Amino acid sequence: MKKIITLLTVWLGAQAVFAVTVPPGTNNIQAYINAAAPGEILTLQAGYYFVSSTVTVNKSITIQGQGMETIIQKTNGAAADVAAFVIPDGTNSVTLRDFRLLGQDQGGPGIMVFSDYNQLINVNVSDCGNNSANGPGSWRAGILLEGAAHTALTNVKSHHNSWVGISQHSSPETTITGADCFLNHGEGLTIDLGSDNCIVTNSLFNENNVSTRGVGGIGIDDVNGASIQYCTINDTHNLSGITFQNNVGGEDGCIIMHNTINNSAQNGVRVRNCTYAVTNTTIDQNNYSGNGAADVYWECGQTAATDKLSSNVG
């Protein structure tokens, strides 16, 4: 394998980190990962990188593009659930940043993360997943966190995906800042099944649930401590802007504050608390207009005196 070595050394304390340039090509990124040392930076040039099989990032490295001029395009076909990138369990502290990932309606998600302390920064993922493939709905997401703790998503976009923009399962302590998830056929964001203490701020979740897949603009199920603040959740198709779905379990200590939630087909916020309790909840100081039903709707009424529902602006 021929490597193009950029003679650039980044000094972090006393440790030198080398940047290696990866030229555009077909299924060539994996070879550079295999040859990389932990801590290395792989720099993707402007241009197209075609991917028909999964790129497995199994070392603690950074893969960095040149912004939206670096384009990774899936070519694995509609019927095969193949992720473009996988960060496997046991490989922590990976950074993916500054590129665009075009799913091309091919089968499988864009990026799957199974490990801890990873970062996605300024990544734009679109058109991932295809109903011709046989995997679960979560495998049709743009970005999927599965058993991944302490993931930081900063200024990511995930849009026009077959199901969810950003999907989380058993992935606690995620921080999402400056995200833009729109026109996904399911939710823009899910916070599910033990993805406790997910903090979402200053993000946009607009025009999601295009095809009535999932539960609304943002779905929450069986988590504690989720916080959604200073976000915009507008124009959710078919269902509600935020839904506490509770198919699996209830929630405790969630905060929905300082958001703008407009023009949802149904409720601004819908709380399904008939089977599982939703307790110690703050839904406060949000701005609502144009929702198709009640701005905040508890299917079985408020269940705890500690729930706060005041000062919402209609």
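Cys181 counts as buried, with 0% relative accessibility. Buried means under 20% relative accessible area, exposed means over 50%, and partly exposed lies in between (1.4 Å probe, protein chains only). Cys181 is in no disulfide, and the nearest cysteine sulfur, that of Cys231, is 9.9 Å away. A disulfide here is a pair of cysteine sulfur atoms within 2.5 Å.

Cys231 is also buried, at 2% relative accessibility. Cys231 is in no disulfide either: the nearest cysteine sulfur belongs to Cys198, 9.7 Å away.

## How the model is read

This is a predicted model, where local features need pLDDT of at least 70, side-chain atom pairs count only at pLDDT 80 or more, and totals for chains, interfaces and linings use all residues. Residues are numbered from 1 along each chain as its sequence is written, and side-chain values use heavy atoms, leaving out hydrogens and water.

## The disulfide

How many disulfides does the rule give? The count comes to one. Cys274 and Cys300 form a disulfide, with their sulfur atoms 1.9 Å apart. Cys274 lies in the loop between β29 (269–271) and β30 (278–279), and Cys300 in the segment after β33 (296–298), so the pair ties together parts that are 26 residues apart in sequence. Strands (E, at least two residues) are DSSP runs, numbered from the N terminus.

The link of Cys274 and Cys300 is right-handed, with 105 degrees about the S-S bond. Cys274 is partly exposed, with a relative accessible area of 46%; Cys300 is partly exposed as well, at 43%.

Note on methods. Helix = DSSP H or I, 4+ residues; strand = E, 2+ residues; numbered from the N terminus.
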